[in-house]
Amino acid sequence: MDAIKRYFRSPAAVAGLLLLLVVIAMAVSAGFLYPRDPLALAGRPLIWPFSNPRFLLGTDNSGRDIAAQIFYGARISLLIGGVATAIAILIGILVGAFAGFYGGWVDNVLMRITEAFQTLPNFVLLLVLVAVFGSTLTTVTIAVGVVSWPAPARLTRAEFLSLRSREFVQAGRTLGMRDIQLILGEILPNALPPVIVYASVVMAVAILLESALAFLRLSDPNVSSWGNLIGLGRDVLRVQWYVSAIPGIAILVTVLAVSLVGQGLNDALNPRLKSR
Amino acid sequence: MSDAETILSLEHLSVSLPKGADRPQALSDVSLSIASNEILCVVGESGSGKSMMANAIMRLLPNEVGIDNGRMLFEGRDLCAASVAEMRQIRGAGIAMIFQEPMTALNPLRTIGDQIAEMFTIHTDLSKAEIGAKVLALLEDVRIPDPKRAAKAYPHELSGGQRQRAMIAMALALDPKLLIADEPTTALDVTTQAQILKLIRDLQQRKKTAVLFITHDFGVVAEIADRVVVMQHGLIVEQGAVAQVLNDPQHAYTRQLIAAVPPLKAPAPRLLSGKNILTISGVSKTYRTGGFLGRGARVTHAVREVSLNLPRGSTLGIVGESGSGKSTLARCIVRLIDPDSGSILLEGKDWAKLSRENVRRETRHIQMVFQDPFASLNPRRKAAELVAQGPIVHGTPRATALAEAKELFALVGLDPSSADRFPHEFSGGQRQRIGLARALALKPDVLIADEPVSALDVSVQAQVLKLLAELRQRLGLSIVFITHDLRVAAQICDLVAVMKDGAVVEQGLAGEVFGNPQHPYTQALLASIPGGDFTRKRDAAGLV
C-alpha cells in the first residue's frame, strides 16, 4: 500500500502511467474506431496528414489509413512487449533462482550458458532465430523473449546469492522446508522487486527489437505493426517522411511510458535508494 | 577536577527529526559540559539519541535532521554557527571521533600507515619522513604489536582489536582536545574490549584529552567513566559523578538500567536429570578454502572434537569469543552445516548421519532461535504466518496452525491480536519473541538458541531471558544456549562449556565454572567482564 502511495507521489511516474494507459486505450478501441481491416486499401496513396478529414493521419504508399494502422499497431506492440517480457522474465527467474540458490556446479553450468547467450549480440541472434523458424507473429514474439532472458537471470541470481544465506532462510530450513518451498515461498518474494523493475526495461527493448525487425521487413507482414509501417515508409522517406515518422513517434511514446513506469516502480519499491 | 577548563559545553541543544519519525525531536534541551582530562560517559538504550548527539557535535547530521535550538561551545566557539570550512578544521584536529565498527570506518584499499599519515598531510605541512616517524610513534602509543608491519598492513590483515587501535591512533594523531568514542568496544570480544578500554583510559590520562564516551553498557561505565550522563528518549534524565550515579541513582530509569546489568554469580544449581537428551561426541568441522592442487590452501578447524552432554530439561551454555566455533557447532547440531565426523545422539538417533530427507522430517524435535531479530524473520510474511509455517510444512491444516499460532503468541508474551502485522511493525524484543514462538510451534524437545539476546537492549535482554527460563520450566525444554556474554550465560545456564579455537577448554556446572575457573582462558574471560568489580560489590551487598 505504501508503495502505491509513493508511486503516485512522483509526477514522472504518473505521467508515464497516463501515457501507457493512452496506448492501451488505443489498442482496446482499435476495433471499435476502425472496424475495417487496417491493411485494406482505403483511399488515394500518400495523402498528407490533416489534409483529408477521412484520413486524419494520412495514408501510406499503398493507400492504407495510417491512423488505423497506428491503433492496431498498439495491439501488436503491447502484445509482443508483454508476452516476450513474460517469457524472458520467466526463463530468467528460473535460471537465476536455481543458479543462485544451489551455487556450485549448477551455478557454473547455468551461468556459462547465460554468458554464451550474452556474448552474442541480441539482434543477430534474433535474426538467426527468425531466419530459421520463419516470421509469424508467434515465432517473432517467442524469439524476442528468448534473446532477452540473460540479464534478468543474472539479476535474479545476484538477489538469490545475497538472500539465501540470510537467517530467515536458514530458519525456514530448520523448520523442515523443502528447497522448492524455500525458493518460491521465502526467497523469491524478496528477490522480486528489482526483477519487476527490470521487466520494464525488457519490455521497452522487446518493442524496439520487433520494430527493428519489421524495419528490415523480417517481421510478420500480415499484421499491422508500427515497425512494418516504418519499413514501408523507408521507400518514400525523403518526401513523404510522415509515413515513417508517425509510427516512430508512437514507438517513442510507448517506450518512454514503459521506462517512466519502470523508474516509478523502482523508486516506489526501493524507497531508500531514491534520496541518493 | 573543578579547576580543569571546560572543553565543550552543550547548552539547551535541541535536534529535530523529520516528520513521521517516532518522536519530534532526537534531542531535546540537552545541556552538558566536558572538561579536559575527564571521561564523560553517555549511557542510554538504542534510540535514546546518544549517537545523534555525537553526530550533532561533529555537525555530521543527516540532511533531513537539523539543529533547531541551543549552542555547542567548543573552546569558546559556537559550533552551531561554524562554517563548513571551519568545521573541517575542527574535525580531526580539534575533535576526533572513533566508531563502533573499525572495519567499515577504515578504507579497505589503503594501508593503515597511509590512512594515519593522511591526517598529517591534510592538517599540517610536515615532510614525508617526519610524518612517517610520527605514524610509527602513534602506532607504538596504541600498543599495536609490531608497529612497522602494522603500518604497511591493510585493514583486513589486522584483527578487530588491532583495527580499533589503529582507529584510535588516527583519532589521536593531531592531539585533539576532545575525543568522541561512539560505542568503540561494542563490536569487540570481551578480552579485547578490556584491553581497548584500558588503552583509552591510559592515553586519556597521558594526553589530558577530554573523552566523550558513548555506550549502552553500565559495566563499561563503571570501568571507565569519571562522570555519567544518562539519556532516555532524547532527554538527559540524570547526570553526575560516576560513583554517585552507580551507587545512588536518583532517576527510576537509571535504577532500571543498573538493575538490568546481570549479576555475575550463577543462580543456585537446579536438580538435573540423570538422563541426557542430547549427546554430542567427537564432532569436528573443517573448512578448506582456495588453493589449486593443494597449493596455498587454507584449512580452518572451525570445530574440533567437541563432546558435550545435555541432560533433559537443563540449559547448556556454550560460551566463547568470535571465531571460537560456537555458532558452527550450533549449526552442526541442527544440520544447517554437515559435520565432518562425530555423532550427535538425540533420543537414540544419530543426527550427524541422518540423510537430508530424514533431517527434514525429524526437524521438529530440535529447533533453533537466531541471533538477529531483524534478519531472521521473512519481511514479507505476517507474524502469524511465520509462526504457523513450521506446522504447515509438517502437515497441519493451515487454519489449525494459524489458530495455534495465536495461542503461542500469548505464550511468549505477545498480544495475539497483533498476529496480523508484519515483522517491521514490531520492536527488536518483540521480534525475538516471534522467533521463539516459531521455534516452539513444532513442540521441540531441544531448543538451540544462537545468541538470542545479543542484539537487544539490556532491559529487553532481561525480559527475554526470563521468558526462556519460564518456558523451559513449563514445557520441559532442554536448551543449548550460545553466547559470547558470560553475564548472560551466568543468568540462565545450568551447565557451561567454554570454547576457544574450535575446542571446548572447560565445562561443568555454571556455578563451578564461574566461581572457580580452572582454565587460564576462562579466568581471562571472567577478568575481562567490564564493570566486574562493581557488579561483584553490588552482588555481595545484595546478598547481605
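## A right-handed crossing in chain A

The crossing of α9(A) and α10(A) is right-handed, a label used when the near helix is turned clockwise from the far one by less than a right angle, with anticlockwise being left-handed. This is a predicted model, in which local features need pLDDT of at least 70 and side-chain atom pairs count only at pLDDT 80 or more, while totals for chains, interfaces and linings use all residues. Residues are numbered from 1 along each chain as its sequence is written, chains are lettered from A and ligands numbered from 1 in the order in which they are written.

Here, α9(A) covers residues 179-215 and α10(A) covers residues 226-233; their axes come within 7 Å and cross at roughly 35°. (Axes are lines fitted to C-alpha atoms, for helices over the stretch in contact, with angles from 0 to 180 degrees between N-to-C directions.) On the α9(A) side, the contact uses E210(A), S211(A), A212(A), L213(A), A214(A) and F215(A), and these meet W226(A), G227(A), N228(A), I230(A) and G231(A) of α10(A). Contact means that C-beta atoms, placed from the backbone, lie within 7 Å. (Ala, Val, Leu, Ile, Met, Phe, Trp, Tyr, Cys and Pro count as nonpolar, Asp, Glu, Lys and Arg as charged, and the others, Gly among them, as polar.)

## Other partners of α9(A)

What about α11(A), residues 242-269? This helix packs against α9(A) at about 170°, with the axes 8 Å apart, so the two are roughly antiparallel. (That word covers angles over 145 degrees; under 35 is roughly parallel, 65 to 115 roughly perpendicular, and the rest oblique.) The α9(A) residues involved include P193(A), I196(A), V197(A) and S200(A), and those of α11(A) include I251(A), T254(A), V255(A) and V258(A). The contact of α9(A) with α11(A) counts 14 nonpolar, six polar and no charged residues.

Then there's α5(A), residues 122-133, whose axis comes within 11 Å of that of α9(A) and crosses at roughly 60°. That angle makes α5(A) oblique to α9(A), and their crossing is right-handed. N122(A), F123(A), L126(A) and V130(A) of α5(A) meet L209(A), A212(A) and L213(A) of α9(A). In this contact, six residues are nonpolar, one is polar and none is charged.

## Chain A as a whole

Chain A is built from 12 helices and zero strands. (Both are DSSP runs numbered from the N terminus: H or I with at least four residues for helices, E with at least two for strands.) Its C-alpha atoms fill a box of roughly 75 × 45 × 30 Å along the principal axes.

Of the 276 residues in chain A, 44% are buried. (Buried means 20 or more other C-beta atoms within 10 Å of the residue's own, exposed 12 or fewer, partly exposed in between, with C-beta atoms placed from the backbone.) Among contacts in chain A with a separation of 6 or more, 68% join residues 24 or more positions apart.

## Over in chain B

Helix α11(B), residues 252-260, has T254(B), L257(B) and I258(B) buried. They sit on the same side of α11(B), because they cover an arc of only 95° around the axis. Their cover includes β3, β9, β10 and α17 of chain B.

Where chains A and B touch, 22 residues come from chain B and 15 from chain A. On the chain B side, α13, β16 and α14 each give two or more residues, and α14(B) gives the most, with three. That side divides into nine nonpolar, seven polar and six charged residues.

Methods
Contact = placed C-beta atoms within 7 Å. Arc of directions from axis to C-beta.
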